[in-house]
Amino acid sequence: MNFFKRFAQNRGALIGLIILALVVLLALLAPFLYPDSPWRMVQRPFLAPGEVAGFPLGTDTMGRDVAAGLAHGAWVSLLIGLISTVVALSIGVPLGALAGYFGGKIDDALMRFTEFFQTIPNFALAIVLVAIMEPSTVSIVLAIAIVSWPPVARLVRGEFLSIKHREYVEAARLVGQTHRDIIIKQILPNTLSPVIVLASLMVATAILLESSLSFLGLGDPDTMSWGYMIGAARTVMRQAWWLSVIPGVAILLTVLALNLVGEGLDDALNPQLARAR
Amino acid sequence: MPYLSLILGRVGKAVIVLLAILVFNFFLIHAAPGDPAAVMAGEAGATDEQFLEDLRERFGLDQPLPVQLWRYMGGVLTLDFGYSYRQQMPVLDLILERLPATLMLTGAAFFISLSLGILAGTLAAMRVKRPSGSLIMGLSLLFYATPLYWVAMMAVLVFSVVLDWLPAYGYATVGAGYTGLAHAGDVALHLILPAVTLGLFFMAVYTRMTRTSMLSVSQQDFVKTARAKGLAPGVIQRRHILRNALLPIITLAGLQAGQMVGGAVLTETVFAWPGIGRLMYEALMQRDYNLLLGIFFFCALLVILFNMLTDVIYRLADPRIKQSAA
Amino acid sequence: MSEPLLRIERLALSLPQGADRLYAVDNVSYTLNPGEILCVVGESGSGKSMTANAVMGLLPQGVDVAQGRALFHGQDVLTLSEIEHRELRGRRIGMIFQEPMTALNPLMRVGEQIAEVFEAHGLLTPKARRERALELLEEVRLPDPQSALRAYPFELSGGQRQRVMIAMALALEPELLIADEPTTALDVTTQAQILHLVKDLQTRRGMAVMFITHDFGVVAEIADRVCVMRMGKIVEMGQAREVLEQPQHDYTRALIEAIPGDAVPPARAAGDIKPLLSVTQLDKVYRSSGGWFQPKREVVALDGIEFALGRGETLGIVGESGSGKSTLGRCIVGLNTPDRGEIRLNDVDLRALTGNELREHRQRIQMVFQDPYASLNPRIKVGMAIAQGPIANGVPKAKAMAQARELLDTVGLDASAAERFPHEFSGGQRQRIGIARALALDPQLIVADEAVSALDVSIQAQVLALLDRLKREFELSLLFITHDLRVAAQICDRLIVMQKGRIVEHGNARQIFLSPQHAYTRELLEAIPGRQNHDEAAPATAEAV
C-alpha cells in the first residue's frame, strides 16, 4: 500500500487535513475579504454575533470586526507556526546530525548545549526572549525557534546514532564515500519520516506558543492575532463571552487539525508501528 | 562509594548548567534595548539622570564586561538577585514571598495530571480499538490542542460565572478573615480551577505517552512468557506491562514538571493567583527586567532540582541503571 | 501404543489479508505421545511455530483457526475459553522461547518470576514458592542458585537466562513442554549444554517435548520423531533416525545435506604461498569512557593476533560471541582501528598510510555483511548501491551503472534488478547484491562477516557456492568469519580458532577437524549438533554456563 492510500484510510487525518485546508484558505483570502486593517473601528463595540448584518461574528471592545480579526489572525498564526518550525529544523537537524554521526567529543559538546536549552523552562525562556528583544514578528519567530529546536536535535541524533552502524552505511564507508555524502545521501533520507511527523506537531505547538505570547501582550503590535484577541477579551468575559470563545475555538481547531495530520503522517510513514497501535 | 560519586556527578553537572544560565542571563540583560542601568531601573524610573548615574556606579556598569559578569555572578551566588525599583523590594524577597503559592499550584497540577494521565493511558491501552479507548484518546487530543489560558478562561466562565460553584480569582476570599481549617478549605476551593486547568494539558501528554508506552511494551517477549505461565490478564497488565511502561513516563514527567512552572505564568495570570508566574506577568507589564530575569533564573533552578529528583527516582525504579553506574 | 498426549487433526490457521499465503499452516495433522520428543523442523516462514502457539492459545493477532482440532488428553484446546486456557498454560503445558535476552521481565528478580508461576495457579504459600524456585534453579543446574534467585535478568548470561526459562516452564511439572527454537540465539557450546539439559529433564520426568527448530543437527541430537514443514504443510514425518538416514522427500534431503553435522573439510590444494595479507601483533581493547566519576571498563577484543593469508586462499575465522572475530574483520577492512600492530596488504602497511593512498589500498579489501536486511539502504536503488563505490572513486556514472548491471548478472540476478529497490528482494537475493557491491571496486580480498548466518540453510548453500565460484573467477582471497563450524567446513582452506581475543588454534581446516589440538577447539567440535562421530560419552563440558 502506498503512502497516500494509508493516509487516506485514517479518518481523523482526513478531517484534520480538511480543517487545515479551510484555515489556509481563510488566511489566503483575508486580504481580499477584509482589505481594511483589522484594527480599524467599524461599528459600535460589543455587537453580539449576528446582531448587525455584515458582522457575522460581532465586534469587540473597540468596535473592531471580529471576523476580520479572525481571518487576519489565521494568516499570522500559520505564518509564525511554519517559519519558526523551519528555523527550528534548520538549527536542530544539522546539530543532531553532526552529534550523532561523529559521536565522541563533538557529540558530548553539542548534546550539553542541547541539554542546556532543554533544561531552561520553555515558555519562560520564550517570554524573556521576546520581552528583551521587544515584541515583533521576527523576535517571536526567533524565540519560538530557540525553545523548540532541542527535540529535533535529539531525534535526529538518535536516528543517526542507530543508522550510522547499519551495515549499508559501513559499506558506504568501505567504498570510500565522503562523510558529507554519507550524511546527506545515506543517512539523512532515512531519518526524514520521523522528522516530518515531528515538524507537523511542532507547527501546532508553535501556534499555541505564539497565541500564548500574544495573550500575555507580547505579540507583534502591528499584526492582529488570535491570542491577542483572547487576551483583550479577558476582562470583559462576563459581558461578552463570545469575544474569547470564537478565537479560542479557532486556535483549538487549527492545532487539533495539525495534530491529526501529524498522527496520520506517522501512521502512513511508519506502517510497522501503526499496526502495533 | 558508587552512590556518593553518582550524587557528586549529578550535582556537578547541575552546577555547570546553573553557571551557564547565569552567564546567559547576564548577556540577556545587556542585550535588552537601551542602557543597562535604565533596564535595571525599569523604563519609567529611568528619567532621572542622577539616579541612573548612581546605579551605574553601584553596579559597576562603567566597568569592563568581564568584571561586570564576575560581580553579577558573585552577587547571585551570595543570593543577591538585585533590586526591583518598580516594586521597591529586593528581587529575592519578592520571589520567596510568591514561591509557596506557585509550588502549591504546580504541585497539585502535577499530581492530578500524572495520576489521572497514567490511569487514563492505561485504560486506553487496555481498550485499544474499542469505543471507550477511542473516547479517552479523543479527549486527550482535545486537551492537548487547547490553549492553556483559554481552558482556564472557559472554566471560569462555566464554573464561576454561569454555575457559580467555584471562586474565579485569587488565592483566598478577600476580607473573609478565615483562620485555621476554614482558611485551608478556602484556599483549597480557590486552588481547584487553576490546578485542574493547568493539569489538563499535561494530563493529555501523560495519557498519550502511557498508552503508547504500554502498547509497545505489550509487544515484548516477556509478556508472552507471562501469558505462557497462565497469569491472569490483570496481573500481566499491572505487574509486567505497566511497570515497564512507566520508565519512560518518569523521564517525561521530570521534563514536563519544569515546563509546568512556565505554564503557570498563564494560569496564574488568568486566575490572579499570587505566585511567581503572576509576578512574572507583572514584571513583564512593567518592563521590570531585573525582576523578570531573577524569576527566570529561579524557574531554571526549580527545573534542575526537579530533574535531579527524577533521576534518583528513575534509578530506584530500574535496577539496570544502578548496576551500570556502580 | 498408548493414547497420544496431543493430537493435531487437520488444523488450518488463516493468515491476515495481504500475507504471502492464505494459511500459516494448512491441513496439518500429527500426534505427540507421552514421554516423546517430537522435532518440528522448518525454515523461516514454514509455519512451524504456529501450531504450538495455537495449542497454547497464544496466536498472534490476525491469525485464526480456520479448521481442525488440537486434542490434548482428548479435549479440543482450540475451543477452550480464555480462562480454561489459562488453567492449561504453565500448569499442564510449559513453553520456552527463542530469545532468552528478552523473554524475562527486566524489572523483576528471577526468583519472583519463577514464584509467579505458582501464584498464577494459586498454589503454595509465598515461602514455599521461594523454596521451590530455589530447587528448580538447582535442577536446571544454574551456578549459585541462591544468589541467582535474587538476581535481575540482566545480571545473567544468555545461557543462564534460558535455564531460568526452563525452570519456569517446568515449575508445575507439565506433561508437555513446548520449546520454540530455544537454542538458536545461543553459542554452540551453550546450545549443546541446553540440549543436554532438556533431554536429561525429559528422561527424568517422562514428559513429552515438542521441539521446534530449523536445524537438523539439533534433530539428530534429541529427536525421537521428526515432522518436516514447508510453506505451512507437512512434507515428511517419521522416526528421527529413519528420516535422517533415508529422507524420502527432496526438500528434507536438501535441508540435511545443506549443513551436514559430521562434515569434514575435503583436502584442498594449497593456495598460492605468496601472502596477500599479513597481520602482526594486532591488539585492540574496548574502553567504555565511563564519565566523570564512573570507573572505566575494559574489554580485550584482540590480543596479539598474527596470521597471513595467501592469494586465492579462503581462511576461516571461527569463534563464539565475544571471541573478537568480528573485531578482527572490522580492523582489517578499516571500520575499527586497532591499538597496536601491523596490517600489511601486498606488503604495504595500511596503518602507516593516510589520505588518498590509504583510500586506494583500502579499496582492495571489501566486505560482505551479515544482515541482508540492514546491508542495503532502503532508499537507494540496487544499481546505484553497487555503482556508488566506483562513482565515489571517480568512475563516470554511466560507466559505473553499466558495470553494476554486469555484476548483477555475475552474481546470478537479472540485470533489470538495478532499477529496483532492495525491499523487492529476498534475503538470499540481497546477499547476492551485497556481494556484487563488494566486487564493484575490483578487490583482492573479501572479508565475509557471518555472511550466511542470517539465511535459511538451503539458501546458505547457494550463497556459499557463489562465493566459492567468484573467488576463483576473480582471483580473490576470502576471509570468512563465522560462528558455525559446519559452514566453515564447507568453504575454508585453513582455519583460525579464536577465543577471548586470542588465536588458540591455527592450521589446515581438514586437520583441525580431524585432530584438534587445543581443548577449546575440541569443545567447539563436540558441541556441533548432529555430529555423529563424536564421543558417545556425555560431553565433559555440560557444566552450567
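Mentor: Start with Leu129(A). Leaving out residues up to four places away in sequence, Leu129(A) touches Ala143(A), Ile146(A) and Leu28(B). Contact means heavy atoms within 4.5 Å.

Trainee: What kind of model is this, and how are residues and chains labelled?
Mentor: This is a predicted model: local features need pLDDT of at least 70, side-chain atom pairs count only at pLDDT 80 or more, and totals for chains, interfaces and linings use all residues. Residues are numbered from 1 along each chain as its sequence is written, chains are lettered from A and ligands numbered from 1 in the order in which they are written, and side-chain values use heavy atoms, with hydrogens and water left out.

Trainee: Back to Leu129(A). Which helix is it found in?
Mentor: Leu129(A) is found in α5 of chain A, residues 122-133. Helices (H or I, at least four residues) and strands (E, at least two) are DSSP runs, numbered from the N terminus.

Trainee: Is Leu129(A) buried or exposed?
Mentor: Leu129(A) is buried, at 7% relative accessible area. Buried means under 20% relative accessible area, exposed means over 50%, and partly exposed is in between, using a 1.4 Å probe and protein chains only.

Trainee: How many residues apart in sequence are Leu129(A) and Ala143(A)?
Mentor: They are 14 residues apart in sequence. In space, their C-alpha atoms are 5.9 Å apart.

Trainee: What about α7 of chain A? How many of its residues are buried?
Mentor: Seven of the eight, in a helix that spans 167-174. So α7 of chain A is largely enclosed by the rest of the structure. Glu167(A), Tyr168(A) and Leu174(A) are among the buried ones.

Trainee: What covers them?
Mentor: The cover includes α6 (137-163) and α8 (179-215) of chain A.

Trainee: Which residues other than glycine have a positive phi?
Mentor: Asp164(B) is one of them, with phi near 55°. Glu450(C) is another, at about 50°. As background, most residues other than glycine have a negative phi.

Trainee: Where do those two lie?
Mentor: Asp164(B) lies in the loop between α7 (148-162) and α8 (180-217) of chain B. Glu450(C) is in the loop between β17 (445-449) and α16 (457-473) of chain C.

Trainee: Buried or exposed?
Mentor: Asp164(B) is exposed, at 61% relative accessible area. Glu450(C) is buried, at 7%.

Trainee: Let's switch to chain C as a whole. How many helices and strands?
Mentor: Chain C has 19 helices and 20 strands. Its radius of gyration is 25 Å, close to the 24 Å that the globule rule gives for 545 residues, so chain C is as compact as a globular protein of that length. The radius is taken over C-alpha atoms, and the rule is 2.2 Å times the number of residues to the power 0.38.

Trainee: How many of its residues are buried?
Mentor: In chain C, 54% of the 545 residues are buried.

Trainee: What about Gln113(C)? Where does it lie?
Mentor: In helix α3 of chain C, residues 110-120. Gln113(C) is buried, at 3% relative accessibility. Not counting residues up to four places away in sequence, Gln113(C) touches Lys229(B), Leu104(C), Asn105(C), Met108(C), Pro153(C) and Met168(C).

Trainee: Which domains does chain C have?
Mentor: The assignment gives domain 1 (102-158) and domain 2 (275-509). Domain bounds come from an automatic or database domain assignment. The C-alpha centres of the two are 42 Å apart.

Trainee: And chain B? What are its helix and strand counts?
Mentor: Chain B has 13 helices and two strands. Buried residues make up 52% of its 326 residues.

Trainee: Which domains is chain B divided into?
Mentor: Domain 1 (2-91) and domain 2 (92-324). Their C-alpha centres lie 31 Å apart. In chain B, 28 residues of domain 1 are in contact with 26 residues of domain 2.
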